[in-house]
Protein chains: 2
Amino acid sequence: MKRATVLPVLWLFSLCLLLSLGSFVLARPSPRPKSANFRKAYHDRLVNDRMKRQASSAPCAAPGAQAISAPKKNVWYGLTDEEAAAVTKWLFSQEDLNLTAAEDAGSWDNTVLLVELMLPNKTDVLPYLDGNGPEPTRYAHVVLDHRATTEPYYADLLVGPLPIQEGQGGGGGHGDYGGHGGHNWTHGYKRQSSAVTTWEPLTYPYTRKTAGRIRNLGADDDVALYDDWLYVVCADILDITLDLWGGSCLGLENDTIDVWGIDPVWQDDGIIRWDTFWNYPTTDFDAETLLPLGLYFKSNVTGRDPSKWSLDGWLYNDIFYPTTEAFRAAYYSPDFEKLPANVEGAWADTDQQGEIPPLDTVFPPITVAPRGSRYFVDRDQKYVKWMDFEMYLSFNRDTGMQLHDIRYKGNRIIYELGLQEALAHYAGNDPVQSGTSYLDSWYGFGPYAFELVKAYDCPADATYLDSKFYTAETTHTHVDSICLFETEANYPIQRHSTSKYVAVTKNIFFTVRSVCTVGNYDYAFSYEFYMDGSIHVEVRASGYIQSAYFAKNEEYGYHIHDALSGSMHDHVLNYKVDFDILGTANTMTTVTPVAVSQVYPWSDGKARNTMKLERATIENEDQGKLYWGANGATQYKIINSDYPNKFGELPGYRVLPSEGTIYLTVQNSSNLARAANWATHDLFVTKQKDTEPRAVHPYNNQDVYNPAIDFAEFFDGDSLVQEDIVVWFNLGMHHVPHTGDLPNTVFTTAHSGFQIMPLNYLLGDPSRETVNMVRINYHAGNVSEVNEFGQGEPMCSYDFKAAEPDFWGYTGDVVIRKFPYDPNNPYFETDSVV
Amino acid sequence: MKRATVLPVLWLFSLCLLLSLGSFVLARPSPRPKSANFRKAYHDRLVNDRMKRQASSAPCAAPGAQAISAPKKNVWYGLTDEEAAAVTKWLFSQEDLNLTAAEDAGSWDNTVLLVELMLPNKTDVLPYLDGNGPEPTRYAHVVLDHRATTEPYYADLLVGPLPIQEGQGGGGGHGDYGGHGGHNWTHGYKRQSSAVTTWEPLTYPYTRKTAGRIRNLGADDDVALYDDWLYVVCADILDITLDLWGGSCLGLENDTIDVWGIDPVWQDDGIIRWDTFWNYPTTDFDAETLLPLGLYFKSNVTGRDPSKWSLDGWLYNDIFYPTTEAFRAAYYSPDFEKLPANVEGAWADTDQQGEIPPLDTVFPPITVAPRGSRYFVDRDQKYVKWMDFEMYLSFNRDTGMQLHDIRYKGNRIIYELGLQEALAHYAGNDPVQSGTSYLDSWYGFGPYAFELVKAYDCPADATYLDSKFYTAETTHTHVDSICLFETEANYPIQRHSTSKYVAVTKNIFFTVRSVCTVGNYDYAFSYEFYMDGSIHVEVRASGYIQSAYFAKNEEYGYHIHDALSGSMHDHVLNYKVDFDILGTANTMTTVTPVAVSQVYPWSDGKARNTMKLERATIENEDQGKLYWGANGATQYKIINSDYPNKFGELPGYRVLPSEGTIYLTVQNSSNLARAANWATHDLFVTKQKDTEPRAVHPYNNQDVYNPAIDFAEFFDGDSLVQEDIVVWFNLGMHHVPHTGDLPNTVFTTAHSGFQIMPLNYLLGDPSRETVNMVRINYHAGNVSEVNEFGQGEPMCSYDFKAAEPDFWGYTGDVVIRKFPYDPNNPYFETDSVV
């Protein structure tokens with residue numbers, strides 16, 4: 001046995017020797033001093049190496065966050081399975097709602113679209129968080145899809161209080177859409193708890209007061225639109241689709257062509273659609289948005305009776321034909337120019353292809369946490385604590401993951417931080433690209449926050465949390481869809497060298513991430529926390545672009561494949577950050593370096609060309625729409641003037657773009673009208689109101705001229721000086737796809753970021769608190785001191801292979817039926833946007 | 001033996017089981033489906049884990065780049081030790097140069113400041129690189145410090161050809177400063193090789209034609225300025241320094257106060273200095289720039305005779321006193337306001353302090369390359385190859401590390417990429433801050449590219465290269481001062497999810513880095529290369545700020561400590577990137593999304609509010625000064641219109657700011673006059689000329705009204721259409737230091753970056769070539785395929801402790817004497833800016 005163990009050890013020792021000598025043997029063509037010190041260091045190294053070897057045989061720590069109990073209940077996280085089931089059951093018992101279960105419902109039935117926690121009002125939460133106030137009463141936010149009518153509408157309802165308490169008589173409490181229910185909810189911030197659960201139209205968070213009703217322009221999209229209209233149109237021109245593309249779109253199994261169009265539909269003069277044709281991919285790859293076919297048709301789909309809908313024209317090769325007859329006549333005329341189809345091929349597939357670069361098949365560098373996770377998670381309360389940061393997570397249908405009550409060193413700095421909306425505004429010479437302005441919260445980010453791929457989307461040893469959303473009387477759990485992990489940045493956070501010493505501090509930061517794939521695009525949403533007290537909000541985009549057919553549209557994109565144009569579009573993503581700097585009384589102030597020509601007491605009466613700081617305050621909401629401005633000069637910060645520090649400076653946090661950001665290029669968009677007034681500037685400041693919790697309604701695209709939430713209406717002149725203020729900022733990019741976006745856009749170039757950094761918030765840099773630094777004192781080749789500040793040692797052996805994730809364990813979403821509630825029979829089902 | 005090995009394996013197996021089950025056991029409050037598939041996956045995992053365990057006992061690979069031979073000799077790298085020694089010896093043999101060895105020289109002797117390789121002309125290099133042209137003839141660039149005169153000057157000389165060939169007669173070849181030597185060098189690009197080595201004034205790379213001479217305003221800075229002036233002034237007011245600050249600055253061992261001032265000195269009316277007093281740190285920390293004392297004095301130091309210099313006034317607390325007498329009289333008047341000193345304390349020290357955050361003493365996450373380095377290095381030729389990128393590195397005194405002949409997939413995309421200059425332009429109500437505009441290449445980045453700290457500045461298993469600079473008849477080798485390493489970004493490069501599959505690709509990128517500490521500031525210069533063909537140029541700043549004394553200067557910074565103002569300043573760093581996209585005939589074009597209101601054939605005659613692309617070409621140098629512009633809308637790209645791709649698009653690379661960048665706030669700076677005309681815009685385009693290789697001369701600060709290189713003169717109207725064009729871009733930040741900059745500025749918030757990304761350069765995204773991706777096909781909880789594309793497996797065990805660097809081996813610079821040449825007696829000596 002001795003021989004058997006000694007031999008490998010010797011072998012390892014030799015290897016190790018080679019390693020530590022390697023840099024000398026290989027790296028130094030020049031002779032090196034052979035001072036006594038040098039030799040001593042060399043000897044020490046040998047001894048050290050041997051000691052290390054002997055001491056380091058233990059395996060490294062298991063990953064996984066440390067357990068902790070959240071200081072408070074997470075009042076934002078969502079309904080429990082039991083609550084969701086109870087509310088759903090209760091809703092179905094309300095006869096006046098006339099609901100049909102989703103699986104039984106047709107286009108003319110009323111269904112339940114959403115059962116979710118209604119986020120409590122900030123004014124109700126703060127007393128609970130910060131004092132001895134009671135836990136806010138829980139309510140459900142319910143969305144019904146009223147389609148049993150010729151004027152279909154969505155209905156936002158508030159159901160509560162929870163848990164469900166049946167009242168006297170029939171089906172429990174009930175409300176109406178008149179806007180004056182039994183409770184004083186008109187302004188939202190005076191909810192009263194009641195013993196009996198009732199429903200009320202939800203109106204207080206919306207700028208438009210229409211009893212929580214929003215018209216539904218898509219009531220027939222799933223069935224009638226296709227069966228009674230689009231497939232009929234397809235059949236009408238079957239000769240042409242067969243001739244041009246060798247395929248059809250008849251709603252049959254062997255269809256090779258898909259048909260769909262603009263979003264939102266035109267709403268200014270009836271309800272108008274423009275649709276176009278797309279080749280279905282012939283493989284499993286999701287490449288359809290790369291396969292447009294270049295023929296467009298216009299439909300007036302006003303009302304719910306398809307027999308009254310009309311086909312109002314065709315467009316092909318930039319030529320408009322007012323009728324199908326006119327188009328067909330032209331098509332069969334001798335000089336009609338037939339354009340080629342876009343056809344799938346390897347160019348559209350994401351699998352490895354092409355020559356493998358040298359050494360690429362060697363397993364690459366990887367980040368690991370050899371001693372285990374250094375953060376705390378309360379999985380029940382979705383509470384996370386890393387170093388001096390702590391926060392709660394929530395998850396909702398419209399916008400996915402959100403962050404709440406972000407505290408730093410025990411003090412809340414942010415009450416709420418999260419995505420509000422993502423707009424992708426296209427343009428083109430064809431009506432489908434021109435008419436496309438996706439407001440993605442319509443689809444919802446929650447339903448598409450897919451299971452993450454371990455070791456790819458986040459490190460294998462990250463902590464993964466589930467998230468849930470409601471749909472069709474079920475809750476779907478996205479398994480492992482939120483990840484938490486620390487990374488060492490590839491640069492230190494601090495360093496300084498002199499001829500006597502060098503001091504460097506590692507930059508270890510913490511990331512909270514979820515990825516949402518809304519149709520063709522994958523958005524990676526990351527929130528990064530740093531040891532200097534700063535927070536980085538980042539979004540990156542990958543996935544498939546939506547492209548245009550290439551035909552006389554050089555002014556709208558590059559020609560990137562056979563008959564393909566990289567359709568230009570702006571991504572604009574709005575975020576809310578509700579700062580609470582040492583309380584809710586905050587002010588946004590600015591500091592701007594400006595060029596000046598100035599005479600000084602010491603300048604001999606001569607003016608000097610130099611610069612100085614201009615300071616200003618955003619006094620009220622009339623001044624609350626802001627641009628980053630020329631040369632990135634203006635610094636925006638949120639301070640609390642009630643707590644000047646000992647030097648008289650006001651503590652705060654600065655906000656700034658850290659990677660490129662944009663606002664929307666299009667002015668007064670014909671597609672969006674008033675539905676995206678949050679996209680017009682780089683950032684906005686408003687007074688916090690319980691009645692303005694969200695910048696948009698997810699159904700703003702259903703009524704763009706009169707949206708349920710018009711962000712512009714938030715700006716009504718309120719004072720912003722030492723008030724509870726909210727900053728809304730936009731990330732995004734002008735995306736003019738080029739060949740490098742094929743097959744997928746890459747995260748490396750499609751990114752946008754925003755930094756939230758302390759500014760005079762503490763009296764010094766808090767990264768000095770970490771022990772993960774080293775100071776080396778040296779002189780004339782001698783090191784006199786190495787101070788590692790008592791930091792931890794890795795002293796272990798990490799088995800990479802064992803740490804590899806098991807990709808065969810990928811499951812997708814787990815579904816639990818809520819009505820009837822059937823918690824013990826989960827099944828798997830994952831849906832993407834189709 | 002069997003028992004001894006089986007037991008740990010069993011134990012490891014249990015641990016492993018726990019790991020892989022952990023996420024299920026801990027992460028899932030909800031029940032999971034117990035389908036046959038689920039059970040099968042679970043079983044597979046157990047088997048898998050066991051197999052992994054058994055296979056993974058071998059230790060991981062040794063770090064260190066793979067060896068490779070550069071395809072060509074690195075013609076930029078620098079002189080060999082032998083060449084430097086030979087040139088130095090030859091210079092000292094030229095009697096007309098009247099040189100004195102540095103260690104014997106006083107302020108009135110002529111010395112050799114620099115012996116370096118003269119970078120060959122691009123027109124000479126291209127035939128060598130791309131064809132069968134000869135290796136360019138080597139020349140040395142020599143700078144002499146002519147101080148044996150009342151009108152001292154620096155002399156730039158060209159010495160060559162190399163190797164040294166003595167001519168007939170006396171001391172070899174010789175030249176004169178008349179500008180018409182024996183060779184046709186007037187325009188630089190017609191150098192002729194000659195058998196006999198001669199020296200010539202170097203003029204062709206400079207816009208100012210003064211025979212390579214630049215006046216030296218600092219000829220007496222080391223001795224006379226202090227001994228005959230500053231210490232004398234100090235002695236004059238010893239009563240006041242003792243009374244105010246309890247200290248003195250007399251040039252004695254027990255001095256507690258330092259004295260220094262503006263840079264550059266004022267040059268408009270004689271040579272004027274403003275100096276101020278600083279407390280010396282009482283510890284080893286380099287905190288002096290945090291300890292200003294707030295008293296300033298003006299000196300007219302015109303000429304070399306200190307007896308003719310004059311003291312022209314004092315400033316204290318924003319009050320100007322024209323004479324020492326006036327100042328002293330005021331000082332001893334009853335109502336004189338004495339202000340406190342800035343005194344060192346823990347606030348100014350970078351060592352760990354404050355409460356250690358929770359879990360911080362656990363060893364943190366770390367990036368490692370378990371299977372070894374995946375890139376190639378030719379250490380002799382400083383040639384580096386990573387995946388499809390390859391390049392040569394050089395290193396020079398003025399600007400440190402530079403990159404040359406960057407090729408991607410075999411084609412050069414960039415001929416040269418590197419820093420040109422770094423400006424730190426301060427402002428303030430006091431004359432020292434107001435008068436400070438450091439042009440750091442004056443100090444040089446090369447001499448201050450200190451040894452990197454392994455595992456802190458770069459990963460422990462990075463490849464470290466040395467760099468060299470010449471000073472005082474020695475070459476100093478910065479040991480391990482350039483690092484090369486791969487990192488996995490903390491986000492993938494590509495991903496896409498659907499309900500059927502998920503595909504994700506790792507984002508492994510390659511970094512080349514050096515760190516230069518020019519006095520108080522540490523600049524980390526990184527060049528990152530990505531699998532999508534993009535390059536990221538980044539600079540981050542740490543180290544000590546230069547602060548101002550806090551006295552009536554609220555308009556110039558925050559009050560950040562007792563009597564300390566965070567002195568506002570702009571960092572602007574200029575880089576050159578000489579693109580060669582498929583050859584040297586290139587054009588810069590732009591594409592800008594603009595809002596339009598437009599009628600389309602299909603829009604019923606109605607104008608739609610939308611957007612389109614505006615295209616433009618930078619036709620000539622008159623149009624060559626550019627801003628990024630509002631809303632980051634304009635895309636700048638360098639294309640080659642001679643090689644349209646199969647779709648007619650022009651291949652190129654786009655340039656854009658990826659982290660915040662700035663240009664200089666100050667207009668027509670009184671400090672800089674014409675010395676930094678490269679700082680006025682975000683980017684510039686010029687025609688490449690052998691006579692315009694650098695944007696600045698490092699001694700531009702010696703003659704700011706008539707600098708040796710005035711960048712503005714590059715813009716003389718040359719056509720830029722399908723010419724060899726050069727882009728000069730600025731990184732930087734408006735820095736208004738706040739308390740978080742104490743003790744050091746942190747890299748996390750002080751950063752700027754620039755992205756160079758392919759645009760229609762290839763026909764698709766080249767990151768598809770990597771095997772480091774996974775595609776998982778799944779349905780209803782079943783995984784039907786896991787494709788890992790034949791990627792490498794880590795299959796090894798990594799010993800973290802053994803991989804820890806030995807900080808006791810830190811040496812600093814190794815010095816080799818060049819005159820007399822003494823290569824076998826190296827010694828250690830590291831100098832920082834003092």
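Author: Let us begin with contacts: two residues are in contact if their C-beta atoms, placed from the backbone, lie within 7 Å. This is a predicted model, in which local features need pLDDT of at least 70, side-chain atom pairs count only at pLDDT 80 or more, and totals for chains, interfaces and linings use all residues. Residues are numbered from 1 along each chain as its sequence is written, while chains are lettered from A and ligands numbered from 1 in the order in which they are written.

Reader: With which residues is Tyr128(A) in contact, leaving aside its neighbours within four places in sequence?

Author: Tyr128(A) then has contacts with Lys72(A), Val75(A), Gly133(A), Pro134(A), Glu135(A) and Pro136(A). Tyr128(A) belongs to helix H4 (residues 122-130) of chain A. Helices (H or I, at least four residues) and strands (E, at least two) are DSSP runs, numbered from the N terminus.

Reader: Why does Tyr128(A) count as partly exposed?

Author: A residue is buried if 20 or more other C-beta atoms lie within 10 Å of its own, exposed if 12 or fewer, and partly exposed in between, with C-beta atoms placed from the backbone. Tyr128(A) counts as partly exposed because it has 16 C-beta neighbours inside 10 Å. From Tyr128(A) to Val726(A) the separation is 598 residues in sequence and 20 Å in space, C-alpha to C-alpha.

Reader: Which domains does the assignment give for chain A?

Author: Domain bounds come from an automatic or database domain assignment. For chain A these are domain 1 (81-215), domain 2 (224-348) and domain 3 (397-443 + 519-769). Between the C-alpha centres of domain 1 and domain 3 of chain A the distance is 32 Å. Contacts link 18 residues of domain 1 of chain A with 18 residues of domain 3 of chain A. On the side of domain 1 of chain A that touches domain 3 of chain A, H4(A) gives the most, with three residues. That side of domain 1 divides into nine nonpolar, five polar and four charged residues. Here Ala, Val, Leu, Ile, Met, Phe, Trp, Tyr, Cys and Pro count as nonpolar, Asp, Glu, Lys and Arg as charged, and the others, Gly among them, as polar.

Reader: Where is the kink in helix H5 of chain A centred?

Author: The bend at a residue is the angle between axes fitted to the seven residues ending there and the seven starting there. Helix H5 (residues 224-236) of chain A has a kink of about 30° centred on Leu230(A). Buried residues in H5(A) are Leu225(A), Trp229(A), Leu230(A) and Cys234(A). Their cover includes helix H6 (238-245), strand E7 (257-261), strand E8 (272-279) and strand E9 (292-300) of chain A.

Reader: How many residues does each chain bring to the contact between chain A and chain B?

Author: Chain A brings 225 residues and chain B brings 223 residues. Helix H1 (residues 2-27) of chain A supplies the largest share of the side of chain A that touches chain B, 11 residues. Two strands pair if DSSP finds at least two bridges between them. Strand E12 (residues 366-368) of chain A and strand E12 (residues 366-368) of chain B run antiparallel and are joined by three bridges. Within this pairing, Thr367(A) stands opposite Thr367(B).

Reader: What rotation superposes chain A on chain B?

Author: Copies are superposed by least squares on the C-alpha atoms of residues with pLDDT of at least 70 in both. A rotation of 180° with 0.0 Å of shift along its axis superposes chain A on chain B, with an RMSD of 0.0 Å. That is the relation of a two-fold axis. Of the interface residues of chain A, 99% are also interface residues in chain B, so the copies meet through the same surface.
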